[in-house]
Amino acid sequence: MMAISSGGAFTPAGTSLKLNRVGYGAIQLTGPMAWGPPKDHAGALAVLREAVRCGVNHIDTSDYYGPHIANQILREALHPYPAGLIIVTKVGARRGSDKSWPKAISRQELIDAVHDNLRHLGLDVLDVVNLRLGGQFGPDDSSVEAPLSVLAELQQLGLIRHIGLSNISRAQFAEGSRIAAIVCVQNHYNLAHRVDDAFIDDLVVKQIAYVPFFPLGGFRPFNAPILDSVAQSLGATTRQVALAWLLQRAPNVLLIAGTSSVAHLHQNVAAGVLQLPPEAIAQLDSMFFQNTPVRPLPGAP
């Protein structure tokens with residue numbers, strides 16, 4: 001099994017983090033809709049351990065996955081954590097008893113969320129905390145000042161090393177950058193949902209990581225043949241092609257595709273070395289440029 005170091009690494013400005021660009025998203029360590037325990041607990045542990053063995057050195061999680069379960073499984077599988085492993089978590093939402101994802105951005109909710117993540121992960125300090133804003137289907141126009149200032153205070157207290165923003169607009173990023181050093185942005189982006197194209201280009205110049213969520217989602221059925229054709233021509237899976245396209249989109253793009261399958265994990269890892277020729281990229285680009293607006297996806301990352 002090829003390690004992912006050949007997929008390249010990225011270091012956000014102002015940090016010493018050397019993040020292999022193929023990471024892992026922990027949302028599928030839980031049950032359906034990120035609720036409850038996984039169907040296969042031993043399998044969840046195995047996927048995490050295999051990810052690290054393959055060279056994954058950053059894992060995206062949140063204490064509201066489960067809730068609490070993803071972080072508890074992370075701790076069970078990997079604690080004490082290997083040197084160099086970066087755990088990125090997020091705050092700003094909670095889980096309702098109906099499996100909903102209501103906002104949780106009051107001062108006390110954010111403080112409690114940081115402490116919940118610390119406790120369930122078994123850490124004294126969180127490497128990166130993303131503040132999730134916006135709504136179910138994308139960013140809104142709210143101010144980031146109040147909630148982000150809380151995280152900045154917790155950073156000053158030594159509970160957080162670095163801060164990121166999730167589900168935000170370019171205007172919110174600009175506002176947030178005046179309050180704290182932002183090392184990453186985590187937004188909805190994939191082959192068929194490319195609202196952030198110009199935003200990504202701006203972040204490349206600033207050397208700030210861009211982490212797409214729903215990296216494999218949002219395709220309309222009539223566009224699937226394009227992806228199928230490219231994958232067949234390259235002897236790859238459609239999953240690998242979609243991930244490889246993201247990696248070739250910009251050098252600051254990091255992948256956090258989630259899976260509960262070791263086989264799919266290996267496919268994701270292999271995507272780190274899949275090179276798409278220009279003609280394949282042109283075909284894949286047409287999935288967006290010839291498409292109508294993408295249907296919103298249910299749920300929240």
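Predicted model: local features only at pLDDT ≥ 70, side-chain atom pairs only at ≥ 80, totals over all residues.

Colleague: OK, zoom out for me. How many helices and strands does the chain have?

Modeller: The protein chain has 10 helices and nine strands. Seven of the strands make an open sheet with parallel pairing, in the order S3-S4-S5-S6-S7-S8-S9.

Colleague: Which strands sit at the edges of that sheet?

Modeller: Strand S3 (24–25) and strand S9 (209–213), each of which pairs on one side only.

Colleague: Let's take S9, then. Are its residues buried or exposed?

Modeller: Five of the five residues of S9 are buried, so the strand is largely enclosed by the rest of the structure. Ala209, Val211 and Phe213 point one way from S9, while Tyr210 and Pro212 point the other way.

Colleague: How many bridges join S8 to S9?

Modeller: Five, and the two strands run parallel. As one spot to look at, Gln186 stands opposite Val211 in S9. Gln186 also turned up among the residues that Asp60 touches.

Colleague: What about S6 and S7, how do they pair?

Modeller: Strand S6 (residues 126–132) and strand S7 (residues 160–166) pair in the parallel sense, over six bridges. Leu126 stands opposite Ile160 in S7, and Leu131 has Leu165 in S7 as its bridge partner.

Colleague: Is S7 enclosed or open to the outside?

Modeller: S7 is largely enclosed by the rest of the structure, because six of its seven residues are buried.

Colleague: Switching topic: aromatics. How many pairs are there?

Modeller: The structure holds six aromatic pairs. In one of them, the rings of Tyr189 and Tyr210 have their centres 5.8 Å apart and their planes at 85 degrees, so that pair is edge-to-face.

Colleague: Which parts of the chain does that pair tie together?

Modeller: Tyr189 lies in the loop between strand S8 (182–188) and helix H6 (197–206), and Tyr210 lies in strand S9, so the pair ties together parts that are 21 residues apart in sequence. Tyr189 and Tyr210 are both buried.

Colleague: What about Phe213 and Phe214?

Modeller: Their ring centres are 5.2 Å apart and the planes are at 80 degrees, so Phe213 and Phe214 also make an edge-to-face pair. Phe213 counts as buried at 5% relative accessibility, whereas Phe214 is partly exposed, with a relative accessible area of 23%.

Colleague: Which residues do ring pairs link into a cluster?

Modeller: Tyr64, Tyr65 and Trp101. Have a look at Trp101 in particular: Arg95 lies over its face, at 3.7 Å from the ring centre. Tyr65 is another residue from the list of those that Asp60 touches.

Colleague: Now a helix. How covered is H2?

Modeller: Helix H2 (residues 69–78) is mostly covered, with seven of its 10 residues buried. The buried ones are Ile69, Ala70, Asn71, Ile73, Leu74, Ala77 and Leu78.

Colleague: And what covers those buried residues?

Modeller: The cover includes helix H1 (41–53), strand S4 (58–60) and helix H3 (107–121). That's the strand that holds Asp60.

Colleague: What share of the residues count as buried?

Modeller: 56% of the 301 residues. The accessible surface comes to about 12600 Å², and 56% of that area belongs to carbon and sulfur atoms. On contacts, among those with a separation of 6 or more, 75% are between residues 24 or more positions apart.

Technical notes. Residues numbered from 1 in each chain as written. Heavy atoms only, no water. Pairing = 2+ DSSP bridges. Helix = DSSP H or I, 4+ residues; strand = E, 2+ residues; numbered from the N terminus. Phe/Tyr/Trp six-rings, centres within 6.5 Å; stacked < 30°, edge-to-face > 60°. Buried < 20%, exposed > 50% of the residue type's maximum accessible area, 1.4 Å probe, protein only. Lys NZ or Arg CZ within 6 Å of the ring centre and 35° of its normal. Contact = heavy atoms within 4.5 Å. Areas by Shrake-Rupley, 256 points an atom, 1.4 Å probe, with all protein chains shown as cover. Lists of a residue's contacts leave out its neighbours within four places in sequence.
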